[in-house]
Amino acid sequence: MDRKLALERNILMSVEKPARYIGNEINMVKKDLNDIDIRFCMCFPDVYEIGMSHLGIQILYDMFNKRDDTYCERVYSPWKDLDEIMRRENIPLFALESQQPVKDFDFLGITLQYEMCYTNVLQVLDLSQIPLFAADRGNDDPIVIGGGPCSYNPEPLADFFDIFYIGEGETVYDELLDLYKDMRNKDYDRHEFLRKAAMIEGLYVPSLYSVEYDANGLISSFEPIYEELPHKIRKQAATDLEEYYPKNPLVPYIKVTQDRAVLEIMRGCIRGCRFCQAGMIYRPLRERNADYLKSLAGEMIDSTGYEEISLSSLSSSDCSCIKEMVYYLIDEFSDKKVNISLPSLRIDAFSLDVMSKVQDIRKSSLTFAPEAGSQRMRDVINKGLTEEIILSGAMDAFKSGWNRVKLYFMLGLPTETYDDIEAIAKLAESIAEEYYTIPKEERNGKVNIVVSTSLFVPKPFTPFQWVSMNKAEEFTDKKGFLMSKIKEQLNQKSIKYNCHDSEVSVLEGVFARGDRRCAKVIYSAYKKGCMFDSWSEFFDAGKWEEAFLENDIDPSFYTARERSTGEMLPWDFIDIGVTKEFLIREYENSKKAVVTPNCKEKCSGCGASSYLKGGCRF
Amino acid sequence: MKARLRFVKLGEMQYIGHLDLMRYFQKLFRRSGLYMSYSKGFNPHQIMSFASPLGVGLTSIGEYLDISLESLGEHTESEWIDIINARSNGLILVTAFMIMPDDTKPSMSLLGAASYRVELFSEDAVKDVERFFYGNESIVYIKETKKSKKEIDLRKEIPILSADYNVFSDEMSKICIYDHDYEKKYIDAGEKGCIYMLCRAGSVLNIKPEMLFDIYGKITGYQIMRLDMLSGEDKYVSMSVG
């Protein structure tokens, strides 16, 4: 297949990293378009290096391309330099594989991984020359589908999408593609297709639901416009994780964020941290079988040539096969010079042993995520980690030779007081002091502690979905306060402090729990030039402020307002298996700082076991 | 065991930079199962070095890569070529696999000249460039670095320049030993609108075809292909010839 690139040489030579736009990576799927009924373009609305690092797209790419009648291609957000050229020269956005315009595809699937990519969704639609609003699209425009974690509250984007796929892609995509193929061959009508698609479990067609608001601006009704449509959309969860896994993942030419083979060992999490959306929406816990994983690991390294493999999950230490897998990989791959990376591993004797084998201790740092400084605060968020565990873990690590520690915390957690914030500084100090109890001759230089705080953003489908989020000024005060407290510590010179931007977090908070009325703000901000909002060099708080003002929308209605548990929430029409009763129970427990045991200790009856025949098994 | 590979970098691979190309080869060799030697230390890496990095925007049929091998294992050199190319992308292909004596110097240090084809996409432009080059006793290019300014006479540093491939290869034969037949697989001798040149190269003084066009001006959007790299000073031998 002799491909002609969509962009002329002079354009490619004038942009940064032209390899972002040429495709033809190792393991790229090539198909003859004459044999294809359905063209599906999969999009990650951020720059290539970020999008190529995403496992979900690799899984769906592999899955779609297993169908003989479907060709799945990819597109990412053109970087600002190319974006300007494409607008100026009216070049339609193209897919990397065939280099042909996205607007000629049957489907455009966009993964929504974080709220700050919403303006980039509009960028991709706009550059593709697809009408931004779903209502303006005709029979010849692609069906635009959203998916990924942000689609658990799709409402702020409802006007821009034809369909949202709620849940894991492994289950009903075939059904949707079969329906499309069947209808496309006859007298195709977009509206009729969407109406039928909305009958498939897990698919939400926003244009077929109408929302009404009361005098206070709260949602008063949310109803389908046709009788036959479901009132609740049931999240999709794969019950058999052994069915699909990409054995031949794409290997980019340029260095991307996740520049390694990724092996997903488990989906879901037993921990139930109350701030964590992933911990709720990916329930129930499903583990992959160790033998299956071992054969996958070998095949992936053979097909990609990667020099590193990463075991991925929300909390790898909880995976029952983790020890077996890790020691297997070390044995199997050390001769082949394949590194093993283990994110999300709790610090304990096992992980220290493993890390001393796979990393250079002098160069690596250890990461703890206590999330909160005081025990009371950690109990509120159900982070089952005590100060003793942290200090003894740190001490074990120091004795093994590490002297660099990273600590992750959140500011603005519900019920937080200034004492809780000060406790962050004190915890960092205690770790430093622990280090200096080691005799000088056994120490490896000075200790180096990095404290990072993110700003707490309440997310849908968590026990904190009703709470008030801090305003930007409060965050700024708290950051300043924490900085001053760190400066008061004895070992303050060993402690470095990093923090997130307040304005970005507040915006994230608006869209995380926003409703359909937020769409016009996103549209206005995009028209003002907002794009790549997750990149600090491009984020423009002033333009966003104007966009809210012009549309007469008060961000604090969505962020700072404490909601009652009786309020109809914009995402209430989605059924994730985890029940609202469970979330309310957990919300109440948090107010009393009562800890809930993890799923392996005791079932708390969250409801997610309904996805598994015979329930969760531990 | 030392080996020198010649490879081509065609078409859209011109947009892949040198460091990315190096990473590409590391993965390609892993996929191929080549018995690469690794450096010692906590982060071992494959031992490899290129004769000369190729800039973004240039294609090539004559790139050279030195590697260290533990052994050839169960395959011959030509079998390895097939194994590697079957796992590559069709645009980066190994075209020679030569086992070298252990005391061979790195290609990088041997480099003395490189030959190029420059597509100008216009016969008139080609004539103008030829006239400009031969019509001047000296063509001075000023190379500025952070520390110094250096004057380079391109008339002296580009020993051969012609718009006619046959003339070029005749001139080449007088001072170079290289593989004509290999080159002719990729070059259409009758193609119009191209300039062929031999430029002195090396770590001290590296002449690039772009230098000539920088001075001449007027021409943009040309496409350069490196044809070969050679060792020597006044007489040259292709790196593909032992």
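Predicted model: local features only at pLDDT ≥ 70, side-chain atom pairs only at ≥ 80, totals over all residues.
If you want to find the two parts on screen, domain 1 of chain B covers 2–104 and domain 2 covers 109–238. Their C-alpha centres lie 25 Å apart. As for who touches whom, 18 residues of domain 1 of chain B are in contact with 16 residues of domain 2 of chain B.

How many salt bridges cross the interface of domain 1 and domain 2 of chain B? The rule finds one. While you're in chain B, take a look at Glu63(B) and Arg226(B): these two form a salt bridge, with their closest N and O atoms 2.8 Å apart. There's also a charge-over-ring arrangement in this chain, where the charged end of Arg155(B) sits over the ring of Phe133(B), 4.8 Å from the ring centre.

Chain B puts 25 residues into the contact and chain A puts in 32. Together the chains bury about 2300 Å², with 55% of it on carbon and sulfur atoms. Between chain B and chain A the count is four salt bridges.

Now, aromatics. Over all chains, the structure holds 51 aromatic pairs. I'll show you two of them.

Start with Trp79(A) and Trp535(A): the ring centres are 4.8 Å apart and the planes are at 70°, so this pair is edge-to-face. The cut-off there is over 60 degrees. Where do the two sit? Trp79(A) is in the loop between β2 (70–76) and α4 (80–89) of chain A, and Trp535(A) is in the loop between α17 (519–527) and α18 (541–550), so the pair ties together parts that are 456 residues apart in sequence. Trp79(A) counts as buried, because its relative accessibility is 9% and the limit for buried is under 20%. Trp535(A), at 23%, is partly exposed.

Compare that with Tyr209(A) and Phe222(A). Here the centres are 5.6 Å apart and the planes are at 25°, so the pair is stacked. Tyr209(A) belongs to strand β7 (residues 209–213) and Phe222(A) to strand β8 (residues 219–224) of chain A, so this pair links parts 13 residues apart in sequence. Both partners are buried: Tyr209(A) has 2% relative accessibility, and Phe222(A) has 12%.

What sits over the ring of Tyr188(A)? That's the charged end of Arg184(A), 4.2 Å from the ring centre.

As background, most residues other than glycine have a negative phi, and most peptide bonds are trans. The peptide bond from Arg283(A) to Pro284(A), though, is cis, with omega near 0°. Pro284(A) lies in the loop between α8 (278–281) and β12 (286–287).

Then there's Asn382(A), which has a positive phi, near 65°. You'll find Asn382(A) in the loop between α12 (375–380) and α13 (387–399) of chain A, and at 4% relative accessibility it's buried. Thr415(A) also has a positive phi, near 70°. Is Thr415(A) buried or partly exposed? It's partly exposed, with a relative accessible area of 42%.

Thr415(A) is in the loop between β16 and α14 of chain A, and Leu413(A) is in the loop between β16 (404–411) and α14 (418–435). Leu413(A) is buried, at 3% relative accessibility. Leaving aside residues up to four places away in sequence, Leu413(A) touches Glu371(A), Ala372(A), Met377(A), Ile381(A) and Phe456(A). Leu413(A) and Met377(A) are 36 residues apart in sequence, but C-alpha to C-alpha they're 8.0 Å apart in space.

That's it from me, thanks!

Methods
Residues numbered from 1 in each chain as written. Chains lettered and ligands numbered in written order. Heavy atoms only, no water. Phe/Tyr/Trp six-rings, centres within 6.5 Å; stacked < 30°, edge-to-face > 60°. Helix = DSSP H or I, 4+ residues; strand = E, 2+ residues; numbered from the N terminus. Buried < 20%, exposed > 50% of the residue type's maximum accessible area, 1.4 Å probe, protein only. Lys NZ or Arg CZ within 6 Å of the ring centre and 35° of its normal. Domains from an automatic or database assignment. Contact = heavy atoms within 4.5 Å. Salt bridge = Lys/Arg side-chain N within 4 Å of Asp/Glu carboxyl O. Buried area = accessible area lost by both parts, 1.4 Å probe.
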